[in-house]
Structures are given as C-alpha cells and as structure tokens.
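Here is my note on the model. Please read it with the structure open.

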Amino acid sequence: MQNSSVKGSNNGLLEKVFKLSENNTNVKTEVLAGITTFMTIAYILVVNPTILGEAGMDKGAVFTATAIASAIGCIIMGFLANYPIILAPSMGINAFFTYTVVLGMGYTWQFALCAMFIEGIIFILLTVTNVREKIIECMPDVLKHAITAGIGLFITFIGLVNAGIVQQGGAIISLGNVKSPVVLLSIIGLMIAATLLIKNVNGAFLISIIITSVIGMVFSIVPMPTGVIDLPPSIQPVFMKALDVGKSQIFSLDMLVIVLTLLFVNMFDSIGFLLGIADKANLLDENGNMPNVKKALLAESVSTTISSVLGTSTLATTVESGSGIAVGGRTGLTAVITGILFLISLFFAPLFVSIPPQATAPILILVGFLMASSILRINFNDFTDAIPAFITFVMMPLSYSVADGIMFGIISYTFLKLASGKKDQAKLSLIILSIVFILKFGLL
C-alpha cells in the first residue's frame, strides 16, 4: 500500500508540473517517448566529439561537454516550456565551427566557442525583447505547414544518407551500394520499424532500434559495445575556454561576420524546427501560434550560451525530437527523460555510443514521412500560397538547410503576394524580413 501511495503521489506531481491529462498523455507514454528520442539522438555523443576533434579539441572532454550541455538544455526546455522538444549540438553548426571558422579561416577553436557565446547572449536579448516571437507570429499558416513538410523531407534525406541508401556521386547524389551489409541492415531496420508502426505497436521505434542493433551485432555488421560502464572523461580541457579570447579578436570584422552568420542560421533553423515539430504534435493553438513559444526560445537561447561555456558547439532544437513525438510524447516530461538519459550516458558511454546509425536512420526516414503529410494542408489551388510553400519544402533538403528554405519561402511569398495584388497578405513584417534575407544572401 505504501509503494502504491508513493507512486500515486509521484504521478500527481508529474501531472501538476507537466499537465499530462490536459495534453492527452500519461507518464508511461512520456517515458517511452523520452527513451526513444534519446536512442535516436545518441549518435551525437560520438559524432560531435569527432567533428570538433578535427578542430583540435580534446574529444573526451567534448564528449562530456556534449552530454552535460544536452542534458541541461533538454531539462530546461522540459520544465520551462513544457514541450517534448530536445536540445543538442546542431549538426551543421558543428561543421561550420570546424571546417569554416577553424580549418577554413584559421582561427582557434577558442575563438569559435567565443563567437557562439556572443551569439547566445544576443539570442537571449532577442528573445527577451520578443523579436524572435514576433517573427514566428508573422509567419503565414501556409508556410508553417510547408516548413513542417520540408523538415520531414529534410529528416528523410538525412536518414537515407545515414543509412547509406543514398550517397554522393553521379551529378550530385546517387543510390548507395544496396548490396553492402550495412545498407541491407538499414533496409531491414526500415521494414521492421514500418511494420511495427503499421501495426500500432507501442514503442515501435524504440523496439526497432533495439532489434536492428542486435541483428547488426549478432551478424558482425556493426561492432559490439566495447564495455558497459566507464567514468566520463574530464571536461577541463574545454571548460570556460570560450572566454579565453582577446578583445582584439572579439571586436574584429571576422568575429562580426561569423556571429551574424550563426545568428541567421540558428535563428531560422530553430524557428523552423519549433514550428514544424509543434505543428506535427498539434501544439499550435487555433490561431496557428505556439503557446509558451517565448519560454521555448528562451530555453534554447540560455542553453546555447551554457553549451559554449561548457565547451561544445551551439545547442539547437533537433529533428530527432520528432521520433519521441511520433510515439506519443506531448509534454516536457519527454524532454526531461531525454535529459536524464544524457546524464546517465556519461557513465554508460560504451553502451550508448554502440547504437549504429543503421538502427536510427530508419526512424528518421519514417519520422520524415509522418511530418511530410503536412503537405496535404497546403492549398495548391492558390498559386500565391502553393509556389512559396513548394519552394520552402523543396529547398530545405536540396540546400541541406532549414534556414535557407524558410528564407526563400518568405521572400517568394512576399513577392508573389505583392505582384498579384494581394497586398493585404504581405505584412510589413514579411516585407522587412524579405529585404533582410536578400541583403543576407548578398553580403554574408
């Protein structure tokens, strides 16, 4: 009786904090969603240290910084905004960090971290002054649906690349080696996940990840875990190094260009992912806006600043959030569970990092499929809506950038509305954004 009472009180506390019933969910579903999300994003614990390691950073320290920063970001998002959206180092920004700022421009990784710290501070200011919130609110509904569909296509493309089903080659890309055991493993994983999804099996994505990983390990297609438990590497080699930069570098033209570039990419990546994921999870209100969006943006802004101080690249809303939402995650409890698992991963690194991309890639493909269904909500009979929407969701995977897709979408939407005489639909805020985007493409 005592255990039952404790369990009931715990559930009551979680209900009060995360409003589970109000969001048509429960503790079991949220926990499962959090685990699924973590299993899908766990690769970042390997990939991020690898990419930043090429910039000269200590890989072990970056691993620890990545896990801690992601945990903090997810937990802040969960408690502050109560959204099932996770934060982790942004794929793309970490590549920009290493290959553009450090290896391309010749700056130190400390300089790159400092740029991301400055960007985080600016993000906080833009969020507190409601600038980012106003940008989201001025977005037309048709572009919100297009962003959701575009992110779906983008996620699918990432999944296909991670699976090895498509690869670089031909004019741009080509079919991968479908005879390769790792590609075949991905295809098997896709069939398993799709079958479980069709049969409405609870935890379909998580079960698929586990089964595919086991198959790969049993048949020696992917390596077995090197261990289970280990102490996390020291964070000391990268901790607080973002602040070890001289004033002459902080106030340089290069720093300004890098910070502005990061601002553009991160701002519209985050807005795109937030809108896309919220739309798919039915988190938008009757006016097409996100309740608590300011809190979500603040959580991301604060986490970005924290991550640079800890010693890793910028955190952002991740596409992998969709995997937890796809299995029923609807509240911040999903994000908090994911954050807790990031902390646990510090001590079970060999086990978690053994999850092969061939097991998680099929999940991304199917999440992309689920999100792409938002295309059905676009009115293709109105060309002034349909053409910008098409440009938005096509540009995202083809340019490999959510931010670029949004920018091209807004520019084309505004131009076509003005050109067709529908000036009432081309808000002043959209016109201003379009001008800013055109200047951005011309100057940065």
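Is leucine 351 buried, partly exposed or exposed?

1. This is a predicted model. Leucine 351 has 36% relative accessibility, so it counts as partly exposed. It sits in helix H16 (residues 349–352). It also belongs to a nonpolar surface patch with Val228, Ile229, Leu231 and Phe347. Together these residues have about 490 Å² of accessible area.

2. The domain assignment gives domain 1 (21–375) and domain 2 (378–437). Their C-alpha centres are 26 Å apart. Contact involves 25 residues of domain 1 and 24 residues of domain 2. About 2,100 Å² is buried between the two domains, 83% of it on carbon and sulfur atoms. Zero salt bridges are found across this interface.

3. The salt bridge count is four. One of them pairs lysine 144 with aspartate 141, at 3.9 Å from N to O. The two residues are three apart in helix H8 (residues 141–163), so about one helical turn separates them. Lysine 144 is buried at 2% relative accessible area. Aspartate 141 is partly exposed at 41%.

4. Lysine 417 forms a salt bridge with aspartate 382 (4.0 Å, N to O). This pair links distant parts of the chain, 35 residues apart: lysine 417 is in helix H19 (residues 402–419), and aspartate 382 is in the loop between helix H17 (357–372) and helix H18 (383–399). Lysine 417 has 0% relative accessibility and counts as buried. Aspartate 382 is buried too, at 17%.

5. Aspartate 385 also forms a salt bridge with lysine 417, with the closest N and O atoms 3.0 Å apart. Aspartate 385 is in helix H18 and lysine 417 in helix H19, so the pair ties together parts 32 residues apart in sequence. Both residues are buried. Shared partners join Asp382, Asp385, Lys417 and Lys422 into one salt-bridge network.

Key: Residues numbered from 1 in each chain as written. Predicted model: local features only at pLDDT ≥ 70, side-chain atom pairs only at ≥ 80, totals over all residues. Heavy atoms only, no water. Patch = residues over 30% accessible without salt bridge, like charges linked within 9 Å, V, L, I, M, F, W, Y side chains within 5 Å. Areas by Shrake-Rupley, 256 points an atom, 1.4 Å probe, with all protein chains shown as cover. Salt bridge = Lys/Arg side-chain N within 4 Å of Asp/Glu carboxyl O. Helix = DSSP H or I, 4+ residues; strand = E, 2+ residues; numbered from the N terminus. Buried < 20%, exposed > 50% of the residue type's maximum accessible area, 1.4 Å probe, protein only. Domains from an automatic or database assignment. Contact = heavy atoms within 4.5 Å. Buried area = accessible area lost by both parts, 1.4 Å probe.
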